[in-house]
Amino acid sequence: MIETLKAAKTLTKDSFKVMAYCSDDPILAKQLEECGCVAIMPLGSPIGSGLGIQNKFNTKIIIENCNVPIIIDAGVGTASDACIAMELGCEGVLVNSAIALANNPILMGKSMKLAVESGRKAFLSGRMSKNKFGIASTPEKDF
């Protein structure tokens, strides 16, 4: 990551638009943004692993503290992984292996599209608060 940061600084000074592939380290992600990267692309899990987002907490910190698009790049194995990335607030996912290695790549590609759309709409909708105990949603007044 230190070398990625150095390279990003050099490239942005030369007017390149850098979309930085990086670990899920929130501090380094912010430093990449500060040096001029136009997007931060943290890995969800090791590239080609299909393990999904392994550290949702760090991913959420990156999203909340960076002002450039956050695009999950690596580890997406199925549509639900893409949906989770979008529900966290990512602005996109980069997918290759999940589609290329699926038994039915065309159907998986369509599934990814729907998952990204669904996850983004869920994020924009704003999820309900999480509670330690169940709370009835039925109105108590005038019932």
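How many residues does the largest nonpolar core have, and which of them have the most contacts inside it? Keep in mind that you're looking at a predicted model. The core has 32 residues, and those with the most contacts inside it are Leu 32, Cys 37, Ile 40, Ile 70, Ile 72 and Cys 90. Two or more residues of this core come from each of α1 (2-13), β1 (19-22), α2 (26-34), α3, α4 and α6. The top giver here is α4, with six residues.

Let's zoom in on Ile 40. Leaving aside residues up to four places away in sequence, Ile 40 touches Ala 20, Cys 22, Ala 29, Leu 32, Glu 33, Val 68, Pro 69, Ile 70 and Ile 71.

Now for the pockets. Here's how two of them look side by side:

| Pocket | Volume | Lining residues by class |
|---|---|---|
| Largest pocket | about 260 Å³ | four nonpolar, one polar, five charged |
| Second largest pocket | about 160 Å³ | six nonpolar, six polar, one charged |

In the second largest pocket, 13 residues make up the lining, and the closest to its centre are Ile 47, Gly 48, Ala 74, Asn 96 and Ser 97.

And who lines the largest pocket? The residues are Lys 56, Lys 60, Ile 84, Glu 87, Leu 88, Ala 122, Phe 123, Gly 126, Arg 127 and Lys 130. At least two lining residues come from each of α3 (56-65), α4 (79-88) and α6 (105-125). Once again, look at α4: with three residues, α4 gives the most to this lining, and α4 also gives the most to the core.

Key:
Residues numbered from 1 in each chain as written. Predicted model: local features only at pLDDT ≥ 70, side-chain atom pairs only at ≥ 80, totals over all residues. Heavy atoms only, no water. 1 Å grid on protein atoms, 1.4 Å probe; cavity = no way out; pocket = protein on both sides within 12 Å on 5 of 7 lines; lining within 4 Å. Points joined across faces, edges and corners; volume = space filled by probe spheres on them. Helix = DSSP H or I, 4+ residues; strand = E, 2+ residues; numbered from the N terminus. Nonpolar A, V, L, I, M, F, W, Y, C, P; charged D, E, K, R; others polar. Core = buried A, V, L, I, M, F, W, Y, C linked by side-chain atoms within 4.5 Å. Buried < 20%, exposed > 50% of the residue type's maximum accessible area, 1.4 Å probe, protein only. Contact = heavy atoms within 4.5 Å.
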